[in-house]
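Okay, thanks everyone for coming.

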Amino acid sequence: MHNRSMFKKTNQKCFCAFCKNQRRVYRKKHIDWTNVLMSFVSSTFLMIALWQGFQPEIILFFVVLVVASEIMIQVRWRMSLPCPHCGFDPLLYTRKPEEAARRVVNFIENQRETPEYWLKGDPLRQLPRRKKQKTAPPPQLSKRI
Ligand SMILES: [Zn+2]
């Protein structure tokens, strides 16, 4: 048996709050010590390959590497937020709900124009729909007059 817990799962399954389809999101928002260690190891290897000894410039390279991994992880996390099925972006929704709604409408309109969408069997059919105001039934005449 392999010990799978050694590799922390960076993404997890969740259900979209809007279309209720299952999707994956990245859990990792920031670098951890593994990333710092990896940057350190890469810098050390590069330093040895280039100069065969300690060179202070490598500290700068190490810092750049750490900052770059932090940016990449944040971008990856942010990019994984919008739902791939309906385009709903929960973070944007908390800040600008109108903008989030507009993007979902655009996304769905674009999706419905592609044949792939219909081959998947209309995955957005379970979307919450705006309920139409029921028109009051015409007054009925009592038969007991
Ligand atoms: Zn969705």
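**Two spots to look at**

Let's start at Cys83: leaving out residues up to four places away in sequence, Cys83 touches Cys16, Phe18, Cys19, Arg23 and Phe88. Keep in mind that this is a predicted model. Some of those names come back in the largest nonpolar core, which has 7 residues in all: Phe18, Cys19, Cys83, Cys86, Phe88, Ala100 and Val104.

Okay, over to the helices. H1 covers residues 33-51, and H2 runs over residues 57-79. Their axes come within 9 Å and cross at roughly 145 degrees, and the crossing is right-handed. Who makes the contact? On the H1 side we have Asn35, Val36, Ser39, Phe40, Ser42, Ser43, Leu46 and Met47. From H2 come Ile58, Phe61, Phe62, Leu65, Val66 and Ser69. If you sort the residues of that contact by type, you get 9 nonpolar, 5 polar and no charged.

Now let me zoom in on one of them, Ser69, which sits in H2. Setting aside neighbours within four places in sequence, Ser69 is in contact with Ile31, Asn35 and Ser39. Asp32 is 37 residues away from Ser69 along the chain, and their C-alpha atoms are separated by 9.9 Å.

So why does Ser69 count as partly exposed? Because it has 18 C-beta neighbours inside 10 Å, and a residue needs 20 or more to be called buried, or 12 or fewer to be called exposed.

That's my tour, happy to go back to any of it.

Key. Residues are numbered from 1 along each chain as its sequence is written. This is a predicted model: local features need pLDDT of at least 70, side-chain atom pairs count only at pLDDT 80 or more; totals for chains, interfaces and linings use all residues. Helices (H or I, at least four residues) and strands (E, at least two) are DSSP runs, numbered from the N terminus. Two residues are in contact if their C-beta atoms, placed from the backbone, lie within 7 Å. Axes are lines fitted to C-alpha atoms, for helices over the stretch in contact, and angles run from 0 to 180 degrees between N-to-C directions. A crossing is left-handed if the near helix is turned anticlockwise from the far one by less than a right angle, and right-handed if clockwise. Ala, Val, Leu, Ile, Met, Phe, Trp, Tyr, Cys and Pro count as nonpolar, Asp, Glu, Lys and Arg as charged, and the others, Gly among them, as polar. A nonpolar core is a set of buried Ala, Val, Leu, Ile, Met, Phe, Trp, Tyr and Cys residues joined through C-beta atoms within 7 Å.
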